[in-house]
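Dear colleague,

I am passing on the structure that we spoke about, and below it you will find my notes on what came out of it. Please read them with the sequence and the coordinates open beside you.

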Amino acid sequence: MFRFRLDGSSGVPPYLQLVHQVRQSLLLGYLRAGDRLPTVKDVAGDLAINPNTVVKAYRQLEHEGLAGGRPGQGTFITAALAAPPPEASSALRAPLEQWFRDAEEAGLSDDAVTALIAVVRQDLRKERVA
Amino acid sequence: MTGDDGVAALRADRLGKRYGRMWALRDCTFSVPAGSVVGLVGPNGAGKTTLLSLTVGLLAATEGEIAVFGQRSRAYTADTLARVSYLAQDHPLYSGFTVADMLHLGRSMNPRWDQALARTRLDRLGIPLERKIKTLSGGQQAQISLTMALAKRAPLLALDEPVASLDPIARLEFMRDVMAASADTGLTVIIASHVISELERLCDWLLLLTAGRLQLAGPVDDLVAAHQVLTVPRATADAELPGTVISRTDSDRHSTVLTAADLGQLASGLRPGWQAEAVSFEQLLIAYLQRPATAPAATEPDDDPARAGQPRSARTGITS
């Protein structure tokens, strides 16, 4: 049976930690379609975590199409989560490499690059909200 | 906030408690849906124990009221006491009793007592029934108290700084069982605690008190979503910022501000160059705990009703 962990000092909300662990285990092949996830009560009792947080994580997984509830039986993994296809990764990689070289040439430090990425990501999110 | 799907597990309406001229709690209004795990947070003396005592029927309100599953709590009535399981800070047990004696007492005093639950649970924990309470460790005693509280089969479990003295592993085991019980039976739980990191994983609802006044009340997710952390130039005045400023830390050139603003206010109030981040549970609580009480604070009420009526030098000069 799949077991969850919780890192109290990570700053990541508990329900997101659960969702991330399922996604990551799917990517790594530790979880496969048809596997049953532990019951809400088991996770709550195992981690000393609010049961509603577990319910919320499972709902998120269902929303993402990764898991589904079967009445009376529990929550099951319904889809394998494939890593992005290698073509897509390499197609995106080339311009990103070029961008990093340009940034370095322009004199941006690693921290400046990280800050710029964060700002751009945030601005894009804001566009989506607005 | 309770939705349409039933009676609130806890509903307070302008609830207040005064000891002499000191208001330990005032103007407290909130409504918590059934099945919630509520974190009750506040500095020492903020009124947490007073609120719990009013809820479970160990104190009479001075004004307003509090209802548990739709029924108004009345002090010292069997009816109110039966509806709530209450675990006080020192989880009191009769130290000369055996574990079996304690169960017998619980069974005699509680109409809905679940003896099977109590025995199964103690058996699983490896606590022998014939042992005297005083020969058991603090962790085992806390587990017996919790067993008594759960076997009472009340729909609301109130924990006042539970197991504060326990080692981390005993504490984790205790909380595991509380959460499993909540998942299993839909038990509503209210936990007064100072351990913020623990509350983040336990609670989905929050009540935050300072100086006898309710400063925050609501589902944790909603409260977190209604606050933002902004990084802005130092020269920015509070009035220019979106929402209400809760806390502000000024550096030489920039300021970090925690503001009560939703995403709508943020989208319209954010200027170029300002950075906004989601607030963490801990940041939110610390900001409100450090904030001077917004309402004219009554006094420095004491958490302990037995001591609260006594004059203290710190209270001189306060009139109501």
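The model is predicted, so local features need pLDDT of at least 70 and side-chain atom pairs count only at pLDDT 80 or more, while totals for chains, interfaces and linings use all residues. Residues are numbered from 1 along each chain as its sequence is written, and chains are lettered from A and ligands numbered from 1 in the order in which they are written.

Helix H2 of chain A covers residues 40-47 and helix H3 of chain A residues 51-63, and they pack at an angle of about 125° with their axes 9 Å apart; the axes are lines fitted to C-alpha atoms, for helices over the stretch in contact, and angles run from 0 to 180 degrees between N-to-C directions. Helices (H or I, at least four residues) and strands (E, at least two) are DSSP runs, numbered from the N terminus. On the H2(A) side the contact (C-beta atoms, placed from the backbone, within 7 Å) is made by Val40(A), Lys41(A), Val43(A) and Ala44(A), and on the H3(A) side by Pro51(A), Val54(A) and Val55(A).

In the loop between H2 and H3 of chain A sits Ala48(A), which has a positive phi of about 55° although it is not a glycine. Most residues other than glycine have a negative phi. Ala48(A) is buried, with 20 other C-beta atoms within 10 Å (20 or more count as buried, 12 or fewer as exposed, and anything in between as partly exposed).

The secondary structure of chain B comes to 11 helices and 14 strands, and 43% of its 320 residues count as buried. An automatic or database domain assignment divides chain B into domain 1 (10-221) and domain 2 (228-278), and the C-alpha centres of these two domains lie 38 Å apart.

Asp27(B), in strand E2 (residues 22-32) of chain B, also has a positive phi, near 60°, and counts as partly exposed, with 16 C-beta neighbours inside 10 Å.

Between the chains, 19 residues of chain B are in contact with 18 residues of chain A. H6(B) gives the most to the side of chain B that touches chain A, with nine residues.

With best wishes

Key. Contact = placed C-beta atoms within 7 Å.
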